[in-house]
Amino acid sequence: MRYWIALCSIVLVVLSCSKSDETPASAYVPIPYQLDIPTLFQEKLIDPIIPINNPLTVEGVALGKRLFFDRILSIDNTKACASCHLPQQAFSDPNQLSVGVSGGLGSRNSMPLFNLAWNFDDKYFWDGHALGLEQQALEPVIDPNELGHSDWSSVEQKLNNHPEYPTLFNQAFGVSTITKELVTKAIAQFERTLISGNSKFDKFLNGEVTLTPQEQNGFDVFMDETRGDCFHCHGNPNNPLWTDNQFHNNGLDASFTDLGLGEVTGNPNDNGKFRSPSLRNLAYTAPYMHDGRFATLDEVIEQYSTGLKASSTIDPLMKKVDQGGVNLSDQDKADLKAFLLTLSDPSFINNPAFLPQ
Amino acid sequence: MKRTILLLILASLSFACHEDPDDNTTPLASIAFNFTHHWDDTLINSTNLQTEIVTNENGEVISMSRIRYLVSRFQLINTSGDVYTFDGYKFTDVSDETTYNFTPEINNIPTGTYTLRFIWGFNEADNMDGAYQDLNTENWSWPANLGGGYHFLQFDGMYNVDTTASSPFNYHNGTARVSDGVFEQNFAVINLDTPILISSDASIEVKMNIAEFFKNPNTWDLNVLDTPLMPNYDAQKMMQENVMSVFTIGEISF
């Protein structure tokens, strides 16, 4: 009997709720966007982070993509986000330091953009100072060495006076006034769709292809604590992000001109620490390191093999620093490089969904 | 969809209305575990993990960068020998206080006097390679060529920091490799004999004395055993022995 009473009560509640859920015919309801998550990610990783206050919608993602490639966000209409985050470079910049609207240079290498919804600590930039992609996207627009505005009001004005953007924002967010918060929400939505999970090594893990003996040995070097020991910071087959997204001093310098995380936290123990980048798409993301100091992968591998420099905050995972590093053999270095290149994903940089129309 | 929601609500109502068969017996208590970390008498937490300079049993002066570990299969055993097993496992990062507490999902036990038992790491049945998404995401896997599964401990730091020649150590524990393709389980069953009186909902403090990793029964010489230790069978078995004295029962809070 109690169950019947409960059932009737709930039916009443549901019926009354369904009445109020009806949408006025005049309001446009954006269509939920389903992320295309690789099987390997579904099996191995916890779900991606999608903020409750910024769910993905077809209209929001499309709007974010248009904004990402639109030079309207720069003060003189010469630069877009994509000017320093080029799709064919896995959304990084082949220049060591990116050139802003006024010709000024940034201070660090442009970070590649993919698999950002799996950055679970949600800290962005090399030093992690922006919490959330929406916060991250606020900065470049008003950085004098990037898109060059002194504040967001002029950008908002341009967008509100645009013949198409007000309609697009209305369809995506149901509002008539465009604000910086909505601009970065849209861009963040697009960025969360940038998923890369179809490299040769992904296919190997899915049983679709085999590795060459050289690539296999390179993988063994990567996973061997006595040789490369790369996996403690850069993932493994069970963490196919190929990064821990944590902050490390990887022994680049004996003293620091850029404090990295230490500048953000004010803690001297964090000086010289930067976020581990993913090793996916290395074929497209040169130059390497936070300051883009290395033009080639060979230089990067040599750094870990013989170039380590001790400092007060060097990560203890940097082994044999007194000998400059793990001193890999020439064969192991070549094989490690061959393996690393299997993590690159041509289908990502050629995905039409990520390219300008 | 609405039908599914309705069924779920009904199911939960049905569960809530179900009479508990223990209603007229011993009161039940809910248990939480709170892990604290110490270097002998010094409390170690996120604020001093990277600044505390300590000396190990063998005399090396060390600094610590990172301590993360895994424990599982918590069991409370009462004086009659009845065993209450708690689901789940606990991954702790000493730099992150939010990981110190562990409250099992289903954990009502009768009030009484208990001792605590848990597994250091995962036992053989639980240590399945790649099976736990949250641990994969923590970059916690143990390499397949060392037996796979997961790390039990990652303890990184520098030793001889009182000299001009400090060096890294990576005291990492997991499955022991006997030889190529031959592996030996390396988890440990931690039995803590201290009686725990549970009179109502309680939080049990479990204290980790980090210094014990270097002390008992094997006095650890970092000058000999610093890194790499993961593929070192003897080092792995010495860690398994030393962890037995790392944990003790602390305060019981109600």
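Is A:Cys81 buried or exposed, going by its C-beta neighbours inside 10 Å? A:Cys81 counts as buried, because it has 24 C-beta neighbours inside 10 Å. (A residue is buried if 20 or more other C-beta atoms lie within 10 Å of its own, exposed if 12 or fewer, and partly exposed in between, with C-beta atoms placed from the backbone.)

Keep in mind that this is a predicted model, in which local features need pLDDT of at least 70, side-chain atom pairs count only at pLDDT 80 or more, and totals for chains, interfaces and linings use all residues. Residues are numbered from 1 along each chain as its sequence is written, while chains are lettered from A and ligands numbered from 1 in the order in which they are written.

**How confident is the prediction?**

- The model as a whole scores ipTM 0.90 and pTM 0.90.
- Chain A has a mean pLDDT of 93, and 93% of its residues reach 70 or more; pLDDT is the predictor's confidence in each residue, from 0 to 100.
- Residues 1-25 of chain A stay under 50 in pLDDT, and the model gives them 10 contacts beyond four places in sequence. (Two residues are in contact if their C-beta atoms, placed from the backbone, lie within 7 Å.)
- In chain B the average pLDDT is 91, with 91% of the residues scoring at least 70. Its residues 1-23 fall below 50, and that stretch has 10 contacts beyond near neighbours in sequence.
- Where pLDDT is low, the predicted coordinates should not be read in detail.

**Chain A as a whole**

- The C-alpha trace of chain A spans about 70 × 65 × 40 Å along its principal axes.
- You can find 16 helices and 4 strands in chain A. (Helices, H or I with at least four residues, and strands, E with at least two, are DSSP runs numbered from the N terminus.)
- Of the 357 residues in chain A, 47% are buried.
- Looking at contacts in chain A between residues at least 6 apart in sequence, 67% join residues at least 24 apart.

**What the UniProt record lists**

- An unreviewed UniProt entry lists A:Cys81, A:Cys84 and A:His85 under "binding site". Positions from UniProt are given in the numbering used here, feature names are shortened, and annotations may be inferred rather than shown by experiment.
- A:Cys81 sits in helix H4 of chain A. Setting aside residues up to four places away in sequence, A:Cys81 touches A:Phe68, A:Leu73, A:Pro140 and A:Ile187.
- A:His85 lies in the loop between H4 and E1 of chain A, and it counts as buried because it has 22 C-beta neighbours inside 10 Å. Apart from neighbours within four places in sequence, the contacts of A:His85 are A:Phe91, A:Ser92, A:Asp93, A:Ser110 and A:Leu113.
- The unreviewed entry in UniProt also lists residues 213-344 of chain A as "domain: Cytochrome c". The end C-alpha atoms of this span lie 18 Å apart, and the span is 32% helix and 3% strand.

**Helices and their neighbours**

- Helix H3 (residues 58-69) and helix H8 (residues 165-173) of chain A pack at an angle of about 145°, with their axes 7 Å apart. (Axes are lines fitted to C-alpha atoms, for helices over the stretch in contact, and angles run from 0 to 180 degrees between N-to-C directions.)
- From H3(A), the residues A:Glu59, A:Gly60 and A:Leu63 meet A:Leu168, A:Phe169, A:Gln171 and A:Ala172 in H8(A).
- Helix H11 (residues 213-223) of chain A has several buried residues, among them A:Phe219, A:Val221 and A:Phe222. The cover over the buried residues of H11(A) includes helix H12 (231-234) and H15 of chain A.

- Most residues other than glycine have a negative phi, and most peptide bonds are trans.
- A:Ala90 is not a glycine, yet it has a positive phi of about 55°. A:Ala90 is in the loop between helix H4 (81-84) and strand E1 (123-124) of chain A, and it is buried, with 25 other C-beta atoms within 10 Å.
- A:Lys320, also not a glycine, has a positive phi of about 50°. A:Lys320 counts as partly exposed, with 17 C-beta neighbours inside 10 Å.
- In chain B, the peptide bond from B:Asn216 to B:Pro217 is cis, with omega near 0°.
- The peptide bond from B:Thr227 to B:Pro228 is cis as well, with omega near -5°.
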